[in-house]
Amino acid sequence: MDAIILQILNGLDKGSAYALIALGLTLIFGTLGVVNFAHGALFMIGAFCAVTFSKMLSFSHTIIDETQKDFLGNPLKVDVPYIHDLFGQATGNAIIDWAVPLSILFTIPVMIGIGFVMERGLIKHFYKRPHADQILVTFGLAIVLQEVIKYFYGANPIPTPAPAVFAGSFDFGAMLGFDANSIIYPYWRLVYFAFSALIIGAVFAFLQFTTFGMVVRAGMADRETVGLLGINIDKRFTIMFGIAAAVAGLAGVMYAPINSPNYHMGMDFLVLSFVVVVVGGMGSLPGAVLAGFLLGILESFASMAAVLEIIPGINQIIIYLVAIIILLTRPRGLMGRKGVMEE
Amino acid sequence: MAILEVKNVGKRFGGLQALGDVNLNIAENSCHAIIGPNGAGKSTLLNCLVGKLTPDTGSVMFDGQSVLGRKPYEINQMGISRVFQTPEIFGDLNVMENMMIPCFAKRDGAFRMHALESIGQERDIIAKAEEMLVDMKLIDKREMQASSMSRGDKRRLEIAMCLAQDPRLLLLDEPTAGMARADTNNTIDLLKQIKEERDITIAIIEHDMHVVFSLSDRITVLAQGTPLVEDTPDKIKGHPKVREAYLGEIQEAA
Amino acid sequence: MFGLNKKDTGILLVVAFLALAAPFILNPFPEGSAMAQFNAGYPDLMQRLVIFGIFAIGFNILFGLTGYLSFGHAAFLGVGSYAAIWMMKLLTMNVVPAIIVSVLFAGLFSLLVGWISLRRSGIYFSILTLAFAQMSYALAYSVLTPITGGETGLQPKYDDPRILDGTLEAGQSPRANLFGLEMNDGFELAMGNWVFTFNAGYYIAAVVMLIAFYLSIRIFRSPFGMMLRAVKSNQQRMNYTGLNTKPYTLAAFVISGMYAGLAGGLLVAMDTQVGAERMFWTASGEVVLMTILGGAGTLIGPVLGAGFIKYMENIVSKINKSVLEQWFAFMPDGIEDVMIALVYPFVGKGWHLTLGLLFMLVVIFLPGGLVEGGQRIAKMFRGKKASDDTTDASKTPAE
Amino acid sequence: MSFSNPTRRGLIKTGAVASAGLALPTYLRADGHAGFTNAPQGSTVTLGFNVPQSGPYADEGADELRAYELAVEHLNGGGDGGLMNTFSSDALKGNGILGKKVEYVTGDTQTKSDAARASAKSMIEKDGAVMVTGGSSSGVAVAVQALCQEAGVIFMAGLTHSNDTTGKDKRANGFRHFFNSYMSGAALAPVLAANYGTDRKAYHLTADYNWGYTTEEAVRSSTEAMGWETVAAVKTPLTQTDFSAYIAPVLQSGADVLVLNHYGGNMVNSLTNAVQFGLRDKLVNDKNFEIVVPLYSRLMAKGAGANVKGIFGSTNWHWSLQDEGSKAFVKSFGTKYGFPPSQAAHTCYVQALLYADAVERAGSFNPCAVVEALEDFEFDGMGNGKTLYRGADHQCFKDVLVVKGKENPTSEFDLLEIVEVTPVEQVTYDPDHPQMAGGSLGSCNPGA
């Protein structure tokens, strides 16, 4: 029982990451009709925003410490962050420690900016082109973006820890009356879960309760008619692209402490997020969220040792297997609309 | 003798009874029009005939055989061709190729793996396709990409493609919708010519009463999913029930 | 000739000439010159160029004609490769049974995958094929290790049974051959500073490629090919013209799967090993890129696209800093360093960056791929007269 | 076509003139008279450095390439000579190899066996490389080793840790200096027993591919021999990035040690996840919960950051070793590049030197002569103490380092500290040990 609760918890957490990434992807598809293979790269850039921000915070000058030696036997050079000079060592370290959450403030404008530039500079010209062309050009862009990141940050993962207060895990087991340590979950992952719920909720609320959102939703349903009403839907769509980029970026920022960011993490998530979007139904926001959680939970269950003993290797294929079954039984995914992306 | 017999056909979509209890016989070599206000169930009925929808109740017999449960292509191979409201042609292919495809379908059936034969050597198919194009006055446009033709030409091509299969029953779904008056008249003339020259039954759904009365031998009026009346055009014009349900529209259009 | 019209015969002859003369064409620069870095006329790369050409030609029969975008074709290539290597391990090092069996197995596997995936269309179809391919890859890399060799792949070994071949002499390693002609047999021709390599394996692959290309022209020009284009254009009309689209698309899917299997079998014949990575989704993506880059739906485009990408991968990735230093050695020091700093990020380990940029440029400016680029250049040369001559040699009515 | 680096301008001109007239370095060509593939013509010899330059191991590949460039410099008499000064064999004179200047070509393995073979083939067929070396995974090593056997050139493996490379997939033309899974297990087990006791319950997470299998087997059998119990061993997909679903159930199983048979990105992520779950703060069976990483590398430790602190693992070499060889290598590498070398760099550098030395001692580039010179060759002064290149399986036998993540690193390179240098006797095994079974070397192939 406790094992099952644990995997559900785990699946919810995993699913929240999937849902968050898929949300932006399906948002772009639903509003702009563009299949964006560079979405994974946006997620990756988000994570590197956290890396960059923490590097900026610990921007240092070098002093030479004669008392210590480096590996060649020369006096050791010690980096002292400027932030220590500004706020003193304790406060400085505290700020650096909180780099990841703080970098959210830095990420949002950066990602919206990147989104605007991408949409205006490139994606805009592809609205009327075939999906294959969109896939190819955004795939090219994804390669370029990740190679640029690799050029500056290298191929190795870069540790980007969460603030020290979030270290360790919360013992649900004790709380629910099971044995101690039977159901533990890291604080930061709980934060991530809450954060995704917040972002997903915010995006839904934005689309549901604002005029802007209403127009965009109308545009998603029938672009031409909205255009005929004299509403400048293009401008709104540019903003939507910026928002989708920001959502992907935020998903990345908060993910940085969970897995150390590396340049190809976007590609690692790309296929998965596409599967999530398609299983949910192309262009359906609730579908993406639902599919994200569903696949997350199933993946968690498939990786249980007891399950693997019965069906070895099921953890390797569960997501794809589920995708196949769902697509064969529900032609347009869980919540897809008819006629979307079927030609 | 009726070539198409529709008996007690009903179809529901959720809470909506799209077709109530439709009985309809279409006589061989006649032109039968089905009219009715929007939402009367005309398109649903048509879709039930061609295999796009399966009715919940009732039966549809074509030439003594049931069409229910068959796929659209099977029903087509039985001898029913359909013309769509917006012309459905192979836009990326040229006119000649558009014309050849139904010729192949007629000759080779639903599927044939003729992957290593050359189109150029299919002389009988080419001859037949060219003949149809000459008939339809489209031969000058044979190399033209179909999607770049005018709407009227697309319609002619679509009808020609249907006729190339020598269907026994031709279903027309508002063939003149959205057409200019001149094009509409051309289409009426074309259909009249077909009716005279060929051994063919035509069923037509149409809003334009001018078209209906120029072509049809019998008319069924459909309202709220059930046939209201079925009679000859003259009688329909004066029928009180039709006037009640449909009056304004008939008079304006006629 | 061969049942082709004049124009198609012309294309076939051009491709045949290019394939047969490849050892010359791909080695335009004399040995030892700075530009020799760009020579591609060595057996392995020439073999890969034609083999991936076959892969792309087959993919184009599916994608170019029917418009169904499969994201899982690498799985068929992989299945073909595994089938071929097992034939080499169990039966004989002769490549003929290996290649036949690889086509067969890939055909069967694509029949299964196609039969299921073709129940859906559009992106749903793409994701289904992707899912099958990813499952194949994941299983081949892990739990199927006893069959596939997993991470370390499979190679023929000295002590494999090989029931048709006699036992090898001690110290001999098993070599792929065609009735005794070994794949790496060949000779070299030195002309002045130029060296041209003629390799048996390459010519075998090239002949297979020409046959595959010829068959693809026949398919393009056949009633079947026309039906496939009709499927792409309007499925609804197909259905209401009494045509069953499912067997047409399935046949196209299986044919392209068999082409992929053929390519996989040839890869093994030329280079006797298989690794599971060749089934990874990026490998499936690569053939999509080759086809679109060259020009989807055109006859020659996929071959060009395949050649282009494989050339980039093998040549540009080998340019390192010291090579650059040699190129720019004639420049004054300061400028040399600037040049190297400018070029270096794009070559060697940065070749992916160049590839990504090229994809973007081609898609943005040449939506019809390299073939369209060629047509534009040809048009420029031919001037105005040619502008209404829309039937360019390499273009098909599929456009 | 292949160029050496240091004194570039002068060299290039002579090089270009020389090769323009002479060398036609395709392996089909040289066969006629020399009797082996790619016999070096003229005054130069070309080596092929085949390392991952793209993909997840690109940084490791970059470090390998640095080491090779340094080795070429030293072989050609440049720099401070590095390990040539401490190497027990004195055949190398700093005048190239057999008097021929060493040039090199580079390629990208992409850590894919296909790409690695394509790249190695181009080195052999196009550039006339007489030896190929490098790589950062066992899949690549096995694939390229088999290729070199067929083509008739020598393969000096780079970083490859799976037993298979010199076990079931061994080849006569291939040599491995790096240690392997068995040695990791054998070296780690006593240290683990000494630190954590002999009454422990271990939970293995294993990368679901060959290297993972051999490592799990090795660590399991050696720890079980010490009295440990293996509670569970769960395989994780290579493409997995988030290991939470695998780590979450560990505590429920009653295990008190988690062994992560992961490498590269997998290891960085699984270790990070495990620490996140707070496993190391837990008390299970009245013992502190511990995590073990059988194969460590500094680059991975860097990726995992503070999470490695106090975690045991094994490594082939570490720059903080204080023997003369290690000090010499760190000095010349550090002076040239500004940071200490990784174990990948060390093994690659040593392999290049060992090859050159074997050629000198054999007096020929002929692969069969080189194989003979390397087989059962004993040497010292290369940073790992006394080392034997065993003839039976072409595996180096030398001391293995057991290391631990450092609690207070002084720099971004100072992440591991050496706990114990396990003597070679303890990690030596029979060539037909069950974990290595199933392969045969065959005999050396000099090419057509």
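## Gln224(B)

Gln224(B) counts as partly exposed because 15 C-beta neighbours lie inside 10 Å; partly exposed falls between buried (20 or more other C-beta atoms within 10 Å, placed from the backbone) and exposed (12 or fewer). This is a predicted model, in which local features need pLDDT of at least 70, side-chain atom pairs count only at pLDDT 80 or more, and totals for chains, interfaces and linings use all residues. Residues are numbered from 1 along each chain as its sequence is written, with chains lettered from A and ligands numbered from 1 in the order in which they are written.

In chain B, the loop between strand E9 (218-223) and strand E10 (226-231) holds Gln224(B); strands are DSSP runs of at least two residues (E) and helices of at least four (H or I), numbered from the N terminus. Its phi is positive, near 50 degrees, and the residue is not glycine. Most residues other than glycine have a negative phi.

## Asn285(D)

Asn285(D), also not a glycine, has a positive phi of about 50 degrees. The loop that contains Asn285(D) runs between strand E9 (283-284) and strand E10 (287-288) of chain D. With 12 other C-beta atoms within 10 Å, Asn285(D) is exposed.

## Helices H2(A) and H6(A)

The axes (lines fitted to C-alpha atoms over the stretch in contact) of helix H2 (residues 39-57) and helix H6 (residues 131-153) of chain A come within 9 Å and cross at roughly 20 degrees. H2(A) and H6(A) are therefore roughly parallel, a term for angles under 35 degrees on a scale from 0 to 180 degrees between N-to-C directions.

Technical notes:
Angles under 35 degrees count as roughly parallel, over 145 as roughly antiparallel, 65 to 115 as roughly perpendicular and the rest as oblique.
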